[in-house]
Amino acid sequence: MATSGHPERKVIEGDGGYILEDVPHLSDYIFNLPFYANALQDNPAYSVVKQYFVHVDDTVPQKVIVHKDGPRGIHFRRAGARQKVYFKADDVKACIVTCGGLCPGLNTVIREIVCGLDYMYGVKQVLGIEGGYKGFYSRNTITLTPKVVNDIHKRGGTILGTSRGGHDTKKIVDSIQDRGINQVYIIGGDGTQKGASVIFEEVRKRGLKVAVVGIPKTIDNDIPVIDKSFGFDTAVEEAQRAINAAHVESESAENGIGLVKLMGRDSGFIAMYATLASRDVDCCLIPESPFYLEGPGGLFQYIEKRLKENGHMVIVIAEGAAQELLSESSNQVDPSGNKVLKDVGLWISQMIKDHFKNKMIINLKYIDPTYMIRAIPSIASDNVYCTLLAQSAVHGAMAGYTGFTAGLVNGRQTYIPFYRITESQNKVVITDRMWARLLSSTNQPSFMNSKLIVDNNKQEENSSDEISEKKENGAI
């Protein structure tokens with residue numbers, strides 16, 4: 001095998017087009033680092049598990065669909081406990097911070113990191129950083145023990161509090177160094193993971209024995225590479241309540257229209273999956289699929305057709321859809337750098353009312369469950385996923401890995417280098433089968449003319465060319 005590529009990226013190439021995008025290790029920049037036998041080998045809970053320790057060569061492919069003569073492709077290091085650890089339990093002082101918006105499952109992740117460190121490795125010193133990144137230098141910390149976090153998974157939100165922005169790399173790393181922290185667990189979305197990457201680079205620059213670990217959190221499911229983010233299943237499930245209410249309202253009125261706005265700033269996954277799960281939705285509008293209002297094949301024509309056929313309809317729209325159509329699109333950004341969006345739900349409600357005012361009677365009800373969905377506790381499947389993510393993160397940090405995000409890839413827990421998580425966004429591909437399945441389910445038009453289809457295909461080709469170019473230049 002050969003190592004190549006970016007000087008600060010660990011890319012290992014093997015036979016048959018095999019590429020491992022590996023994660024950094026503390027021993028990469030701290031030489032003669034002592035290691036110890038993993039105490040899990042003597043833990044009664046794990047002694048019955050055959051091959052509990054992950055083999056050093058275990059990797060997970062990014063893509064499972066390949067052709068017989070094609071390259072094996074990109075792989076990531078498999079997550080899990082290692083036979084060697086690089087921290088003694090008594091020497092570990094860990095901290096946990098939550099950043100960005102709320103998401104179901106945050107408290108579960110916090111709980112499982114604390115319990116995983118204690119129950120699996122005997123680590124007793126775990127701090128909670130209050131209020132996001134700025135809490136490192138402007139807020140108090142709280143001591144986290146299994147007793148403190150025992151039932152927090154039953155609550156929504158985060159017991160640590162959260163905020164956007166507040167990232168000052170020097171102050172944060174100074175605080176980490178002054179407090180003697182040597183494991184940092186950072187829970188947040190793409191912006192937060194970018195911040196984690198910068199913290200890791202500063203830690204490495206200073207030569208500190210500090211493992212910096214990310215746990216990806218985005219209710220929109222817009223983080224690339226991973227199968228899905230925690231809280232997504234809960235969001236789709238809770239969205240059903242709003243869609244069901246909209247359906248009841250629309251059925252109960254003459255020419256009733258139920259309009260539901262769901263989360264999805266740049267990615268329409270929640271709207272798409274909630275629509276597919278519901279079967280009551282007649283039209284789903286997402287940021288990735290442009291649409292127009294007036295004229296043949298437009299939204300208004302489809303609404304009129306649907307009302308004449310069924311007497312009612314339900315529309316689901318993602319919050320980031322149609323922003324280019326709003327006359328007063330904002331250029332403002334929030335503290336995380338995200339563009340401040342106009343309320344597309346209110347806008348499209350008014351546009352529909354104005355269009356049909358002199359044409360036919362309609363009764364439109366608008367439902368926005370956004371903050372209700374964000375604030376609820378996670379459902380069972382997300383709780384299981386949060387547990388696996390947290391334990392994978394703990395195993396990785398104890399094994400000396402750093403500068404990585406723990407995530408699910410093709411159903412397997414993996415360690416993914418920060419740069420892969422932060423270089424792009426995961427979006428619905430409207431020329432893919434999943435979007436076609438939605439169109440088949442709702443029977444809505446694509447709202448795409450031939451020019452938009454050609455432009456979208458060109459965009460995908462350019463994206464593929466960029467990836468190929470990066471590989472040729474050794475960037476990935």
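Student: Which side chain does the side chain of Asp382 make a polar contact with?
Tutor: The side chain of Asp382 makes a polar contact with that of Thr234, at 2.6 Å; a polar contact here is a pair of N or O atoms within 3.5 Å, where within protein one must be able to donate a hydrogen and the other to accept it, and residues adjacent in sequence count only if both atoms are side-chain atoms. Bear in mind that this is a predicted model, in which local features need pLDDT of at least 70 and side-chain atom pairs count only at pLDDT 80 or more, while totals for chains, interfaces and linings use all residues. Residues are numbered from 1 along each chain as its sequence is written, and side-chain values use heavy atoms, with hydrogens and water left out.

Student: Is Asp382 buried or exposed, and which side chain of opposite charge is nearest?
Tutor: Asp382 is buried yet has no salt bridge, and the nearest side chain of opposite charge, that of Lys228, is 5.2 Å away. Buried means under 20% relative accessible area, exposed over 50%, and partly exposed in between, with a 1.4 Å probe and protein chains only; a salt bridge needs a side-chain nitrogen of Lys or Arg within 4 Å of a carboxyl oxygen of Asp or Glu. For charge, Lys and Arg count as positive and Asp and Glu as negative, while His and the chain ends are not counted.

Student: How many salt bridges does that rule give?
Tutor: The count comes to 21 salt bridges, and one of them joins the side chains of Asp58 and Arg78 at 3.0 Å, N to O. That pair links distant parts of the chain, with Asp58 in the loop between strand 4 (36-37) and strand 5 (59-61) and Arg78 in strand 6 (residues 73-78), 20 residues apart.

Student: What about Asp174 and Arg206?
Tutor: Their side chains meet in a salt bridge at 2.8 Å, N to O. Asp174 lies in helix 3 (residues 169-179) and Arg206 in helix 4 (residues 190-206), so this pair ties together parts that are 32 residues apart in sequence. Asp174 and Arg206 also belong, with Lys170 and Glu202, to a network of salt bridges.

Student: And how far apart in helix 4 are Glu201 and Arg204?
Tutor: Glu201 and Arg204 are three residues apart there, which means a separation of about one helical turn, and their side chains meet in a salt bridge at 2.9 Å, N to O. Glu201 is partly exposed, with a relative accessible area of 31%, whereas Arg204 counts as buried because its relative accessibility is 19%.

Student: Changing topic, how many helices and strands does the chain have?
Tutor: The chain has 13 helices and 18 strands, and its C-alpha trace spans about 80 × 55 × 45 Å along the principal axes. Buried residues make up 52% of the 476 residues, and among contacts between residues at least 6 apart in sequence, 76% join residues at least 24 apart.

Definitions and conventions
Helix = DSSP H or I, 4+ residues; strand = E, 2+ residues; numbered from the N terminus. Contact = heavy atoms within 4.5 Å.
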